[in-house]
Structures are given as structure tokens and as C-alpha cells.
Amino acid sequence: FLNRVSGLCGTTAIVYSVLRYMLPLVVPFILAIIAATWIFPIVKRLTEKIRLPYKGVAILTVVGILTVVLFCGGGLVYILIYQGRRLFANMPFIQTEVNTVVSNLCMRCDRLLGTDSGGVYRMIENMGERVLPAVTDTAINVCSNLISVSFSFLFFVIATWLITEEYTALRDEYRSTFVYKYILPVIEGLKETLGGYLKTQGIIILVVFAICSVGLILLRNPYALLIGMVIAVL
């Protein structure tokens, strides 16, 4: 019993330490392995068709996919930033409208609950004063982490390129180890459960984003993509 308890505690401590300290360092490389697994069939097919050296095709494929992703993602980010700037420029008017609606709702709640006039509104103000510092601190932390995210993205790109170049050799070497037969069932299970879940959620988010954005564009809403993105994420 003591051996089982000590083994369980030791395993828990190791898993916690890995997730707490090691995982942020290896996430770019894990994502690079996943990306290389997706890119390798494309590179192999292109190599067979155009008869060019594999490593050259690998570099061109990674650069091409990265260019398309950055171009599309950069365009979307630019539009979101533009709409966000317009939203903040109109914030005084929006804030006045929101305050009017909230005040009316609070007055109705006061009459419904039998509280003093303005009691619910003061409670909401107090909650806002407590939430605002936390939101500000979170925004500061996000901005300070942009540099580390940029370096992680750079490591991800380089690792994806190098792994794709040596994918066949790395795969064969990995499959020749004794660990492979023990890890393979776990990997297959993760692909079926976690992979399926992430794929499903991604499709749902994209579909909701597309439907909401198109609907808001048809309604001539000036913040269509921004609001559609918020709705999809929420």
C-alpha cells in the first residue's frame, strides 16, 4: 500500500513538474512535429511529381504554407484592428447608450426587488471597479508575453522545417525504439479523442464566425468581423 501511494505521489509530482515547467518550453516543438506530420505527405507528393530534391521541396512547401497563413492571418488581424479602432473611437457614444440601458434595467430591478433607488446600479459599479484592475493587469501581461510568443513562433517555424527535412529518418529511428510500441496506443487514443475534439471545435468556431460575420455584413454593421469573432470564441 505504501509503495503504491508513494508511486502515485511521485508520478503526480513528475507530471505536475513537466506540465508546469517543461511543457511551455517544448510546446513549439510538439506543434512542429504535428505540423511536419501534416506537411510531409504534401512534400512527398510534390517531390514525386516535379522531380526536385526533397529538401528543396520541403523548404519551398514550408515557406509557401507559412506565407499563405501569414498573409491570410495578417489580413484578418488588420481588419480586426481597424474595426477595433473604430469601435474605440465611438466608445463615448456606445458607453452613453450602454449606461442608459443599464440604468433603466437597474431601476426596474430596484422596483422588482423592492431595494433602494440606485442600489442595483451601485452594486454593478462596485463590481466594475473590482474587475477593471484585473482586466488591466491581464492586458499588460498579454502585451509583455508577445515577445516570448514571437520567439516561440520562430522556433516553431525552424523546427517544422528541420523535422520535415529529416522526417523519414526521424520516423524510422523513432519506430525502431522499444518505447514506440508502448506509446503508439496512447498516441492513437489521443488522435481519436483529443484530435477529434479539437477538430470539431475548430470547425464549429469557423462556421459560427462565418455565419455571424456574413449576417452582420448584410446588416451593414461596421464591426462585423470583430463581433463575429467574439461571438465565435464565446
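What is the volume of the second largest pocket? In this predicted model, the second largest pocket has a volume of about 380 Å³. Its lining is made up of 15 residues, and those closest to its centre are Ala35, Ile65, Phe153, Phe156 and Thr160. Three helices each supply at least two residues of this lining: H1, helix H2 (54-89) and helix H5 (146-165). Of the elements involved, H1 gives the most, with six residues. By class, the lining of the second largest pocket has 13 nonpolar residues and two polar ones, and no charged residues.

The volume of the largest pocket is about 1300 Å³. A total of 26 residues line the largest pocket, and Ile33, Ile34, Thr37, Ile187 and Lys191 lie nearest its centre. The elements that contribute two or more residues to this lining are helix H1 (2-50), helix H6 (167-175) and helix H7 (179-218). Which helix gives the most to the lining of the largest pocket? That helix is H7, with twelve residues. The lining of the largest pocket divides into 19 nonpolar, two polar and five charged residues.

The next topic is charge pairing. Side chains of opposite charge can pair when their charged atoms come close. How many salt bridges does a search of the whole structure find? The search finds one. The partners are Asp172 and Arg171, and their closest N and O atoms are 3.9 Å apart. The cut-off for a salt bridge is a distance within 4 Å, so the pair at 3.9 Å counts as one.

The last topic is the backbone at one residue. Most residues other than glycine have a negative phi. Arg220 is not a glycine, yet this residue has a positive phi of about 60°. Where does Arg220 lie? Arg220 is in the loop between H7 and helix H8 (224-233). Arg220 has a relative accessible area of 76%, so this residue is classed as exposed, the cut-off being over 50%.

Conventions
Residues numbered from 1 in each chain as written. Predicted model: local features only at pLDDT ≥ 70, side-chain atom pairs only at ≥ 80, totals over all residues. Heavy atoms only, no water. Salt bridge = Lys/Arg side-chain N within 4 Å of Asp/Glu carboxyl O. 1 Å grid on protein atoms, 1.4 Å probe; cavity = no way out; pocket = protein on both sides within 12 Å on 5 of 7 lines; lining within 4 Å. Points joined across faces, edges and corners; volume = space filled by probe spheres on them. Helix = DSSP H or I, 4+ residues; strand = E, 2+ residues; numbered from the N terminus. Nonpolar A, V, L, I, M, F, W, Y, C, P; charged D, E, K, R; others polar. Buried < 20%, exposed > 50% of the residue type's maximum accessible area, 1.4 Å probe, protein only.
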